[in-house]
Amino acid sequence: MAADSPIPVSIEFFPPKTPEGVDKLRMVRHALYALQPEFCSVTFGAGGSTQEGTFNTVRDILAEGVSAASHLSCIGATRDGVRGQLATLKTMGVKRLVALRGDLPSGYGAGGEFQYASDLVAFIRAETGDDFHIEVAAYPEIHPQAKSPESDLKAFAAKAQAGANSAITQYFYNSDAYFRFVEDADALGVQVPVVPGIMPITSSTQLMRFSDACGAEIPRWIRLRLQGYGDDSASIKAFGLDVVTDLCEQLRAGGAPALHFYSMNQSAATLEICQRLGLI
Ligand code: FAD
């Protein structure tokens, strides 16, 4: 693929907790709409903790004339509860979901009527037919709770078999892990597009904290370089832009179907990376 060929982009936000956060996110979205995203998605706190904020943000995006995807997590949820959420989302005009298991904070018993995301995907299909395009999560570096890489790949295949249309990966900084995952999934007969999730690097401590929690590996050379910059946030940002733009270029050249940006409700890094990729 040509170095500067267009590639579709989608962007993820989380629901703001304060009125100021809502206003700030509106400005961030307007800046990011310069990328003409295929869709914008909004995360959903496990256990339904952010349902109102998620749905309100999704409503705002739709009102701005942009396609919006609501994340939906099933851990601790009941069938009746999810049925109600699907009805609300349908009434709102949502056409795309990101169906997840979710992680309950420690101290919460799992409970609920769904065990895995594949159960949620099957339920959404049974209840709503083809009303929604369903995205699911994929883990090129293996989900932290997986029994083995093979069982994790099978769990991914189960989500596709249950009716998922496409997948978004956990973020990673090693493109080989992504390409190997796509090949392995293909060998298992899984045909759904797997879109790499891209996490811009803007802060060293934030990245380390997230990555420890979600099992994303920060390669040693990146970790050491970031540590070496200490509090020098300008150098961290400049290095992060170079690293993540290179990663996106490798993914595009290797045939990734799209790029999904974890914006962290910020616009600058995603815009700069896309500018360097020639996508604006
Ligand atoms: P699953 O696919 O159910 O997998 C969970 C674990 O169970 C894996 O280890 C898998 O190997 C194993 N497993 C699955 N099926 C089986 C089976 N049949 N037998 C044995 N083992 C099995 N979290 C949120 O709370 N809200 C969000 O909005 C959110 N958005 C996300 C978006 C993306 C793109 C990604 C990549 C993650 C997101 N997450 C979100 C995090 C996600 O909820 C966690 O990673 C969670 O731990 C797993 O969710 P899952 O849907 O991948 O679960």
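1. Start with the spot just after helix α5: Gly163 has a positive phi there, about 125°. Helices here are DSSP runs of H or I with at least four residues, strands are E runs of at least two, and both are numbered from the N terminus. Keep in mind that this is a predicted model, in which local features need pLDDT of at least 70 and side-chain atom pairs count only at pLDDT 80 or more, while totals for chains, interfaces and linings use all residues. Residues are numbered from 1 along each chain as its sequence is written, and side-chain values use heavy atoms, with hydrogens and water left out.

2. Now α5 itself, residues 149-161.

3. Which residues of α5 are buried? They are Asp152, Leu153, Phe156, Ala157, Lys159 and Ala160. Viewed down the axis of α5, these buried residues fall within an arc of 155°, so they line one face of the helix; the arc is taken from the directions from the helix axis to the C-beta atoms. Glu150, Lys154 and Gln161, on the other side of α5, are exposed. Buried means under 20% relative accessible area and exposed over 50%, with partly exposed in between (1.4 Å probe, protein chains only).

4. What do the buried residues of α5 pack against? Their partners are α4 (117-128), β5 (133-138), β6 (166-171), α6 (175-187) and β7 (194-198), with contact meaning heavy atoms within 4.5 Å.

5. The strands form a closed barrel of eight, β1-β2-β3-β4-β5-β6-β7-β8, with parallel pairing. Two strands pair if DSSP finds at least two bridges between them. β7 and β8 (residues 259-262) pair in the parallel sense over two bridges, and Ile198 stands opposite Phe261 in β8.

6. Have a look at Ser166 in strand β6. It counts as buried, at 6% relative accessibility. The side chains of Ser166 and Glu135 are joined by a polar contact of 3.0 Å (a pair of N or O atoms within 3.5 Å; within protein, one must be able to donate a hydrogen and the other to accept it, and residues adjacent in sequence count only if both atoms are side-chain atoms).

7. Finally, Val243 lies in helix α9 (residues 233-253) and, at 11% relative accessibility, counts as buried. Leaving out residues up to four places away in sequence, Val243 touches Ile201, Trp221 and Ile222.
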